[in-house]
Amino acid sequence: MANNTLKNATMAAVLTAVIVTPVFGLQLVRQGARTNMETHWDLVALAAAVVFVFQLLRPWLARPFQQLKTSIPMLPSAPAKGNKWIIALLILAAVIWPFFSGRSSVDIATLVLIYVMLGLGLNIVVGFAGLLDLGFVGFYAVGAYTYALLYHWAGWGFWEALPFAGAMSALFGFVLGFPVLRLRGDYLAIVTLGFGEIIRLLLINLNFITGGPDGISGIPKPTVFGMEMARRSSVEGARTFHEIMGWTFDNQHMVNYLYLMALALALVTLFVSTRLIRMPVGRAWEALREDEIACRSLGLNPTRIKLSAFTLGAMFAGFGGAFFAARQGMVNPESFTFIESALILAIVVLGGMGSQVGVILAAILLTVLPEVAREFAEYRMLIFGLVMVLMMMWRPQGLLPMKRPHVELAK
């Protein structure tokens with residue numbers, strides 16, 4: 001056992017040295033007209049030594065983490081019916097909180113709620129239907145650009161464009177479902193990844209419609225019953241919400257309003273998805289995830305089940321995209337890269353596939369922690385990848401995995 005540990009530690013240290021050398025050990029430095037190569041073998045040696053020591057101590061370090069597989073509770077796939085009072089108190093606290101908090105905190109919370117919507121939407125596709133989707137950001141982009149284009153070309157407001165944004169994303173999800181009906185696993189992931197990139201490239205190249213790389217700017221914020229929440233109305237002679245209410249204009253009011261809107265959309269997403277998974281279509285998604293052949297033998301139509309999962313998941317992404325466009329005031333293709341899809345998928349995996357409460361917790365962690373530790377911003381993806389590796393090693397089922405129905409036979 002000790003010999004194997006020493007052998008593995010040595011091999012890991014050698015591989016670390018090979019990987020780190022071209023990145024940190026050898027650096028090109030420009031000095032006037034000449035380019036010199038500087039060596040930093042101390043950094044290479046330090047990295048190899050850290051990995052060697054870690055691998056040697058890994059069996060002892062892993063013991064405390066073994067309890068994570070059993071100590072963290074398993075939750076039902078959705079909020080339980082018996083906890084209505086607790087849920088009501090949490091919602092009330094979430095509604096009241098922004099009025100006693102600062103602008104930056106409310107902004108971060110609004111971003112968290114957007115990712116909650118996206119995570120719950122992708123949870124339908126990946127967590128319940130078991131379809132690995134790496135291009136989910138494409139539906140997010142469709143929703144955002146639907147609102148932006150409807151405003152830019154037709155002058156529509158947010159509330160008019162919101163249902164069309166969801167419907168357009170759902171249509172794209174339905175269309176995407178047909179090419180992937182016969183695909184599973186890695187092949188399905190590759191096709192959906194290509195779909196996400198196709199959407200982004202179309203947004204870049206269709207200059208005459210989407211504005212190309214510059215995107216579309218000047219997108220208005222949502223109104224309150226048709227009244228703008230601004231210092232001055234953009235329509236001559238119209239009164240703003242603050243003027244009618246007799247309030248002094250404050251930018252914090254718009255920040256709070258956007259947060260409450262995001263909270264309402266996230267709660268609607270949670271409620272609808274919770275109802276869906278308790279309906280026959282939700283049971284069909286779970287049957288498809290567990291075994292497609294058995295699902296077909298039960299008389300269920302896998303084609304319809306897959307299309308329903310893609311369509312409904314994409315619809316929620318469209319709502320999130322429309323709200324994102326309204327919050328930012330502009331959209332451009334660089335907001336919808338593969339990194340966004342990876343982050344949303346990581347939220348679903350980290351929280352526990354199929355667990356809605358876990359998805360909400362993971363969205364909070366993966367959004368808030370990078371904002372809190374801004375001094376480590378350049379190492380964000382490195383830390384993010386390390387956390388995911390550790391989770392897959394010690395808690396592969398996620399932070400709050402879904403409690404699946406099961407029957408135990410008496411001994």
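**The whole protein**

The chain has 411 residues, and 42% of them are buried. If you look at contacts between residues at least 6 apart in sequence, 75% of them join residues at least 24 apart.

How confident is the prediction? The pLDDT averages 83 over the protein, and 89% of the residues score at least 70. Among the elements, helix α6 (residues 137–154) has the highest mean pLDDT, 94, while helix α3 (residues 68–71) has the lowest, 54. Where pLDDT is low, the predicted coordinates should not be read in detail.

Two packed helices are described by the angle between their axes and the distance between the axes.

| Helix pair | Angle | Distance between axes |
|---|---|---|
| α6 and α8 | about 30° | 8 Å |
| α5 and α15 | about 75° | 9 Å |
| α5 and α12 | roughly 45° | within 8 Å |

Take α6 and α8 to begin with. Their angle of about 30° is under 35 degrees, and α6 and α8 are therefore roughly parallel to each other. On the α6 side, the contact uses G138, F139, A141, V142 and Y145, which meet F195, G196, I199 and L203 of α8. By class, this contact of α6 with α8 has 7 nonpolar residues, 2 polar ones and no charged ones.

Next comes helix α5 (residues 103–128) with helix α15 (residues 338–351), packed at about 75°. That angle makes α5 roughly perpendicular to α15. From α5, the contact takes Y115, L118, G119, L122, N123 and V126; from α15, E340, L343, I344, L345, I347 and V348. The contact of α5 with α15 counts 9 nonpolar, 2 polar and 1 charged residues.

Helix α5 also packs with helix α12 (residues 280–290), where the axes cross at roughly 45°. Here α5 is oblique to α12. I124, G127 and F128 of α5 make the contact with W285, E286 and R289 of α12. By class, the residues of the contact of α5 with α12 are 3 nonpolar, 1 polar and 2 charged.

**Helix α7 and its surroundings**

Helix α7 (residues 158–177) has 20 residues and reaches 28 Å from its first C-alpha to its last, close to the 28 Å expected. Which residues of α7 are buried? They are F158, A161, L162, A165, G166, S169, A170, G173, L176 and G177. An α-helix has 3.6 residues a turn, so residues three or four places apart point the same way. The buried residues of α7 pack against α6, α8 (185–205), α11 (251–277) and α14 (302–328).

**One residue to look up**

To finish, find H152, which sits in helix α6. H152 is partly exposed, with a relative accessible area of 46%. H152 and I209 are 57 residues apart in sequence, and their C-alpha atoms are 9.6 Å apart in space.

Notes:
Residues numbered from 1 in each chain as written. Predicted model: local features only at pLDDT ≥ 70, side-chain atom pairs only at ≥ 80, totals over all residues. Heavy atoms only, no water. pLDDT = per-residue confidence, 0-100. Helix = DSSP H or I, 4+ residues; strand = E, 2+ residues; numbered from the N terminus. Expected span 1.5 Å × (residues − 1). Buried < 20%, exposed > 50% of the residue type's maximum accessible area, 1.4 Å probe, protein only. Contact = heavy atoms within 4.5 Å. Axes fitted to C-alpha atoms, helices over the stretch in contact; angles between N-to-C directions. Parallel < 35°, antiparallel > 145°, perpendicular 65-115°, else oblique. Nonpolar A, V, L, I, M, F, W, Y, C, P; charged D, E, K, R; others polar.
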